[in-house]
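Trainee: I am new to this structure, and I would like to talk through its charged side chains. Could we go step by step?

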Amino acid sequence: MKRIAILFLPVILAILGMAAACSTTATLAEDELRLAENKVAIKNSSAYKASKLQPYIKQKANTYIIGKWQPFLYVYNWQNGKDGGWDNFCRKVGQAPVVYDEGQVNPSVRSMLNHLEYEGWYDSTIETQEIVNEKRRSVKVEYDVTLGHQFPLQDIKYVVRDPGLDSLVRADSTHFTLKSGDPLAQSALEAESERLSQIFRNNGYWGFTKNHFFFYADTTTTPGVADLFVHVENYTRNESEEDARTPRKYHLGQVSLTPQPGMRVRPKFLHNLNQLQPGELYSEERINRTYDRFSSIPLFSNVNMILRQSESDSSAVDCAIFLQQARLQSIKLNLEGSFNSTGLFGITPALSYSHKNLFGGGEVLSLGFRGNFQFMLRSPTRANEFAVNTGLSIPWYPSFVWKMQSINLPQMDINFAYNYQNRPEYTRRIVTGAYGFSWNVDKRWYWQINPVQLSAINASRIDESFIDRLSDPYLLNSFRSHIDLGGNGTVYYTTDPSVNPKTTYFYARFQYDLSGNFLSLFNNTKLYTQGPRGERCIAGIPYAQYARGEFQVVQTFRLGYENQFALAVRGLAGLGYAYGNSISLPFEKLFYAGGANSMRGWRARAVGPGNAPRDSSFTIANQSGDMHLETNIEFRFPMFWKLQGALFVDAGNVWNIGKEDAEIVSRDPRSLFSFKNLAKSTAMDWGLGLRLDFGMILVRFDMGLRLYDPLDMEWKGINDWLFDDQYAFHFGIGYPF
């Protein structure tokens with residue numbers, strides 16, 4: 001089975017080779033050419049990026065996966081012309097050649113010139129050239145751009161007719177975005193007019209738009225530069241001076257809240273969400289903040305705010321808020337799986353249930369069930385894990401939040417979890433309760449702080465032979481029963497909060513755990529008994545004391561003129577340290593590598609630590625360490641229909657930290673981290689992936705092939721992949737990072 005699975009690599013290569021030998025223009029008419037490439041070159045500037053002009057080319061060329069390689073272009077041309085099932089298949093799977101349209105060249109030139117002038121480049125020129133490849137029946141269109149001249153701004157004067165608006169402009173003078181020395185550009189003028197209009201709307205001037213701004217540039221008085229006059233008039237650009245009217249400040253009139261009929265919701269809950277009060281000065285920012293607060297509640301699927309001038313007061317704006325209820329209950333199923341070269345299968349199903357309005361105040365109840373099953377066919381080897389968790393998130397209304405406009409509505413979180421682990425070596429049960437808060441700032445920063453988390457870990461069975469075989473004596477302490485009282489938190493930052501970002505974005509996440517410090521305050525009291533190693537115990541069970549942190553950064557670059565390609569890069573670092581009442585981290589807090597979201601050439605927990613051999617004490621690999629370093633690079637590209645492809649490289653490992661104790665033997669030096677041995681102890685793999693993107697859900701299949709294994713410190717090649725079983729398959733939902 002393993003041989004058959006890995007042999008699909010040469011089969012794919014053979015198919016692609018056959019495709020490369022075919023024509024890409026077999027379906028074209030005799031007088032047609034395929035548009036192979038649009039190339040934009042800036043002749044007189046190395047600073048200006050030619051890619052900025054690509055979106056303004058009217059006819060796009062065929063897209064390519066890597067370089068000029070697009071195998072699905074060949075597939076389309078496999079048609080036999082009979083218009084049967086085979087031709088339908090080729091058209092559906094393949095990519096049609098783009099038939100060159102010469103009439104689209106001049107409109108593309110005009111579009112690019114208009115954009116250059118919008119950016120402040122005047123009198124630019126573009127020369128075009130069509131390069132025809134008769135043999136391949138293709139054409140490449142070159143656009144040679146010569147940037148025109150710019151007019152640096154010299155003197156800038158603001159002329160505001162209305163005294164009220166003028167006072168706001170003067171108060172904001174330190175934030176003007178138009179500055180001397182900047183080029184005269186319509187894009188900059190539009191941005192400044194919109195910024196100031198927003199300030200006006202936040203100070204009572206409802207409905208004020210950038211169309212009240214007029215710009216006059218004098219480029220003749222002083223050659224080569226521009227004097228700019230910014231006028232804010234009492235009429236708009238599509239009106240005349242005869243239509244001028246004094247801008248009016250508005251206050252809020254009636255504010256109404258209308259839930260969907262049949263929605264079970266407490267009036268006090270809606271009142272606490274609403275920031276708008278009748279009689280207050282109109283502010284677009286407060287309107288938007290109120291909208292964001294209502295939208296952040298999962299109970300509401302749609303929030304519609306309608307503003308209209310009051311019928312009873314010409315200086316008032318009435319606000320009507322209509323709330324549409326979301327589906328209250330939902331069930332989600334998630335599944336991950338893996339298979340590696342040793343014949344070990346791993347399946348991780350997860351089922352979750354949520355209710356978005358448990359008590360009529362937007363409280364969210366969540367229930368989750370997760371399993372992890374590892375097994376070999378025709379073998380008694382088994383490892384099972386079951387987990388159940390429940391949580392309740394309650395909207396929280398502390399008074400100080402109202403004064404902090406950037407903070408969205410916080411949630412109070414109460415969570416409980418039960419975890420059962422049954423492996424050949426041990427049986428453990430973990431009960432956890434946590435209390436904390438979560439909130440976001442400007443939809444960019446997400447915080448989750450649990451000041452209290454209590455876990456009780458009961459190792460009800462530890463196989464005696466496992467204890468005798470255990471190669472790392474520190475791990476024995478990790479598996480013992482203990483009490484874990486402390487706190488944890490997560491800080492997350494992203495440049496794009498959307499579910500599926502379509503442009504380049506970045507995110508970073510930091511997680512921390514601190515445990516045992518509060519209990520250690522009572523070490524000198526009679527509250528505790530002493531264990532065999534001198535550790536403090538509660539009812540004969542020691543408490544854990546440690547600090548643990550993990551930090552990861554991910555940058556995803558969107559590439560191509562339509563952002564159809566992506567290059568995702570991740571860096572991850574984690575470190576844990578036991579002290580005080582503990583000599584080792586609890587097993588559940590140790591780091592591991594491998595699996596569907598980590599080193600994909602190995603299954604989960606099969607890498608490291610360091611160069612140390614696999615701990616034979618475990619029937620199923622369970623490698624772990626005190627620290628974790630990893631980096632991943634993944635190139636994602638479209639294929640056809642909803643199918644995407646991926647090429648990836650992973651590098652990393654887990655290590656232990658050198659630590660001596662008089663009562664136990666020191667750790668295997670091959671597992672310890674050192675900068676000197678970092679390169680030799682870092683595992684590497686590469687692989688191929690397929691993704692089915694259905695919009696709200698993405699199904700992922702990855703095959704990882706080992707490049708370098710720190711266990712034997714050898715580089716791997718095709719012979720190892722084909723005949724030495726150096727690979728692993730993974731199945732999952734969503735991107736790995």
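**Salt bridges in the model**

Mentor: Happy to! In this predicted model, the side chains of Arg201 and Glu284 meet in a salt bridge, at 2.8 Å from N to O.

Trainee: How many residues apart in sequence are the parts that this pair ties together?

Mentor: Start with where each partner sits: Arg201 lies in helix α7 (residues 186-201), and Glu284 lies in helix α9 (residues 284-295). The pair therefore ties together parts whose separation in sequence is 83 residues.

Trainee: Which helix holds Asp292, the salt-bridge partner of Lys443?

Mentor: The side chains of these two meet at 3.3 Å, N to O. Lys443 is in the loop between β15 (426-441) and β16 (445-462), 151 residues from its partner. Asp292 itself is in helix α9.

Trainee: Is Asp292 buried or exposed?

Mentor: Buried means under 20% relative accessible area. Lys443, at 37%, is partly exposed. Asp292 has a relative accessible area of 16%, so Asp292 is buried.

Trainee: Which strand holds Asp650, the partner of Arg600?

Mentor: Their side chains form a salt bridge of 3.1 Å, N to O. Arg600 lies in the loop between β23 (565-578) and β24 (627-640), and the pair ties together parts 50 residues apart in sequence. Both Arg600 and Asp650 are buried. The strand with Asp650 (residues 643-655) is β25.

Trainee: What is the count of salt bridges?

Mentor: Some are linked in a network, made up of Arg600, Glu634, Arg636, Asp650, Arg691, Arg700 and Asp702. The count of salt bridges comes to 31.

Notes:
Residues are numbered from 1 along each chain as its sequence is written. This is a predicted model: local features need pLDDT of at least 70, side-chain atom pairs count only at pLDDT 80 or more; totals for chains, interfaces and linings use all residues. Side-chain values use heavy atoms; hydrogens and water are left out. A salt bridge is a side-chain nitrogen of Lys or Arg within 4 Å of a carboxyl oxygen of Asp or Glu. Helices (H or I, at least four residues) and strands (E, at least two) are DSSP runs, numbered from the N terminus. Buried means under 20% relative accessible area, exposed over 50%, partly exposed in between (1.4 Å probe, protein chains only).
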